Amino acid sequence: MNRATPEGPTPSGVPPAQSGDALLLPKARTGIRGLDEVTDGGLPRGRPTLIAGAAGTGKTLLGLEFLVRGALEFGEPGVLIAFEETAADLVANVASLGFDLGRMQADGQLVIDSVRIDAAEIVEAGSYDLEGLFLRLGLAVEQVGAKRVVLDTIEVLFSALPNEAIVRGELTRLFRWLKDRGLTTIVTGEPGREQLTRHGTEEYVSDCVILLNHRVTEEISTRRLRILKYRGSTHGTNEYPFLINDRGIVVLPVTSLALDPGAPTERISTGVSRLDHMLGGGVYRGTTVLVSGTSGAGKTTLAAQMAAAACARGEHALFVSFEESPAKLVRNMASVGIDLQRWVDAGLLTVWATPPTAYGLESHLASLATLIEEQVPRVVVLDAVTGLLHVGVSAQVTMAVIREIAALKARGITAVLTTLIGAGGGAATGLVVSSLVDTWLLVRNVETNGEYNRLLFVRKSRGSAHSNQVREFVLTNRGVELLDVYVGPEGVLTGKARIAREAADRATARDRAQAVSRSRRKLREHAAQVEAQVTQLRGQLADETAKVEQMKAELAREDAALAGDRVEMAQHGWADSAPAPTAPTEGEG
Amino acid sequence: MSAPRPNEPPGPAGQAVDPADRTDTPGTAPSGGVIELRLYVAGQTAACVRAVDNLNRLCEEHLAGQYRVELIDLTENPAQARGDEIIAVPTLVRKFPPPLRRIIGDLSNTDRVLAELRLRSDDRTSP
């Protein structure tokens, strides 16, 4: 195994010792977003890597970014030997990406040596070698203590110099020279007719070969990257879309393997309290919610409500609309009582709308990744991911969405995806991601009695006890509300039928209530009657008592009178002398 | 074949090399002055040593008194390789008369070297 040798021109920063993990291939991170992930850590350290691709596929830029990031982010200065472009052109070409090559050269982080070979000037007269090139390279490497080298495009040597045998021999020597010095090298090459590169550069590079291409499929242009070979390392084998944006190259997925959000137990509200209840208290933070439904079923509204709920908690939310402009979305949501403008004004909500046909798929996803990186939202809504089918073929979009879900999960961002499904309820779009989502809400339009009503099911909710009930989903001017559907002997009733049924039930109930109150009234009346009778009888009783008293008084009076008469009669008859003044015995009469 | 170049004062410079046009008359001096040559070598490698020997012999035999040679050892001054656009070693550069020519190799192919060095001179003397 060839490694950096201490006797190389740059004694500092020798690759990590292999004592511990003897089998672990040391790697040099490129710093290019996404590339370190698909290469499982970067390019083979101290060895050459071939980047093969046709003109305009981004080889030179990839090489340059490798050097720039190496110097700026990993403290590894670099050397670019440019065979095709002048240093001035290169500096100008990448200035728009924020790479200040002029300054990096001044700061001793980078050397650009552009080798101009004009075949018309050169005549061969005898054997030669490329010691001049070696000396230049050695000088440049020494100048900045370079750890990284890019040779772009070394195959120019074949066309510019006569005697291919000499060039081949010298290339073999060059790659050995680079390895001996532990220089992590990128060589670029253009594809040949029957081999990877026009002049078979791959023969010299046995460790890592990366292919770039730029294809137009169904009128959509996509740059792609594939790792053809990476000796001694695991790596992604797919073709990965990549793009060149204002910050350089982005290879998708841009997930960072280092991020592990764990399994949060925090639940967050969907903004619809009854839905939260159906889900056992909301959705887990950092999970993915899929809202699928037929056209006009209310997917966007439900998603908007979730975004608004996040903002209401003071969290940043990103609403990506592939269907509506931000202004229209805000207006439409306002009509159902969801005030998005308020959150936009508060700086908590970003509505990013892009017509799906404006860019290619990979460009969309990369812009999205950039946006997520910049905004760091806690909730992201993608409405509707099926919109991406306009820019990519189904399999690609499915892959892209799967990667997006993984990327969002890795960052602990709660994702809300909406998808359009056919009237039959199946995945009519061919976009099958439901197995990857944690919560799946299905919103369906049901036609009964000449009206369309919306029904919401919780099809799936990982890690939660969730309701098996169907709810009627109503858009009110206060947002989404869920109503109990009428489940009775006639089946599930919704809308007008439910209302009618409920009215009938109410009528029955009213009748019964009336009957009760009638009886109650009767009872009350009867009680009153009884009360009246009691009063009357009490009156009679009182009267009779009074009468008795009166009779007793009269009787007493009569007795007294009778006694008086008797005395008077005795006095009158002189029958008795001095009659005793005894009162007549009361009650005797 | 050759077209006058107004920005080159000494007169129209020759273009393509066709060995058939070559005159074998040695010592034909270019009207504009001596031929200025620079030989880039890298240390004492076999090819470099041969190149120096070959050039010395060739010039003395064919271009006596009409040339000036500067010998540059790039191992002593590698920066010069960058400045003068040298990658192959040895390289013989004809700096004057224009246009610039680079002859790479150990100069063992005498005919070709002479053709490169003199044909332009001949063109210049017979416009």
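I examined an open sheet of 5 strands, whose order is 6(A)-4(B)-3(B)-1(B)-2(B), with mixed pairing. Two strands pair if DSSP finds at least two bridges between them; strands (E, at least two residues) and helices (H or I, at least four) are DSSP runs, numbered from the N terminus. I noted that strand 6 of chain A and strand 2 (67-73) of chain B stand at the edges, each with a single partner strand, so one side of each is left without a neighbour in the sheet.

I recorded that this is a predicted model, in which local features need pLDDT of at least 70 and side-chain atom pairs count only at pLDDT 80 or more, while totals for chains, interfaces and linings use all residues. Residues are numbered from 1 along each chain as its sequence is written, and chains are lettered from A and ligands numbered from 1 in the order in which they are written.

I next looked up where the chains join in the sheet. Strand 6 (residues 122-124) of chain A runs parallel to strand 4 of chain B, and 3 bridges join them. A:Ile122 stands opposite B:Arg102 in strand 4 of chain B.

I then turned to the contacts (C-beta atoms, placed from the backbone, within 7 Å). I found 29 residues of chain B in contact with 22 residues of chain A. Helix 2 (79-83), strand 4 (101-104) and helix 3 (110-125) of chain B each supply at least two residues of the side that touches chain A. The largest share of that side, 4 residues, comes from strand 4 of chain B.

Conventions:
Contact = placed C-beta atoms within 7 Å.
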